[in-house]
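Here is a brief report on one structure. Keep the sequence and the 3D view at hand while reading.

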Amino acid sequence: MAKFITIGYGDQAGYDRTAAAVRDAAHEHDARLKADGSLIGIAGKPVQVRNPDARGVQTLGASYMRSELPIAGFAVIDAADIDEAIALVSKTPCAVAHGIVEVWPLKEAP
């Protein structure tokens, strides 16, 4: 099985306009993914970290990436391939509640 990082983007307005039954099914799907070993979490406040030329750590309490929707959460999932990963995340809260989920294959570092 391959590992994939997922980044879920979504806001309260999109969540609120999604039918409660659809949201509930998506949360149940997340619970099954978690029970099957996926690491799933809600995004907290980000901190940028830099250490140019290893001369000193610099931090900034802000997101580096910008998007129209805020980041809602992250997951690390196992799937046979990208198609299975897409199928798995297509039923998650961000995907069904007018948000977006990015799927990133996690390749092992050399």
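Strands β2 and β5 (residues 71–79) pair in the antiparallel sense over 4 bridges. Within that pairing, I40 has A75 of β5 as its bridge partner. Two strands count as paired if DSSP finds at least two bridges between them. Strands (E, at least two residues) and helices (H or I, at least four) are DSSP runs, numbered from the N terminus.

This is a predicted model, in which local features need pLDDT of at least 70, side-chain atom pairs count only at pLDDT 80 or more, and totals for chains, interfaces and linings use all residues. Residues are numbered from 1 along each chain as its sequence is written, and side-chain values use heavy atoms, with hydrogens and water left out.

**The sheet**

The pair belongs to an open sheet of 4 strands, in the order β2-β5-β1-β6, with antiparallel pairing. Its edge strands, β2 (39–42) and β6 (100–106), each pair on one side only. Neighbouring strands are turned by 15 degrees against each other on average, direction ignored. Strands of a sheet pair through backbone hydrogen bonds, either parallel or antiparallel.

Helix α3 (residues 82–89) lies across β1 (2–9), β5 and β6. It runs at about 135 degrees to β5. Axes are lines fitted to C-alpha atoms, for helices over the stretch in contact (heavy atoms within 4.5 Å). Angles run from 0 to 180 degrees between N-to-C directions.

**The salt bridge**

How many salt bridges does the structure hold? There is 1. The side chains of K3 and D78 meet in it, at 2.8 Å, N to O. This pair links distant parts of the chain: K3 is in strand β1 and D78 in strand β5, 75 residues apart. The criterion is a side-chain nitrogen of Lys or Arg within 4 Å of a carboxyl oxygen of Asp or Glu.

**Accessibility**

Buried means under 20% relative accessible area, exposed over 50%, and partly exposed in between (1.4 Å probe, protein chains only).

| Residue | Relative accessible area | Class |
|---|---|---|
| K3 | 40% | partly exposed |
| D78 | 32% | partly exposed |
| I71 | 31% | partly exposed |
| T18 | 7% | buried |

T18 sits in the loop between α1 (12–16) and α2 (20–35). Leaving aside neighbours within four places in sequence, T18 is in contact with R23, V96, A97 and H98.
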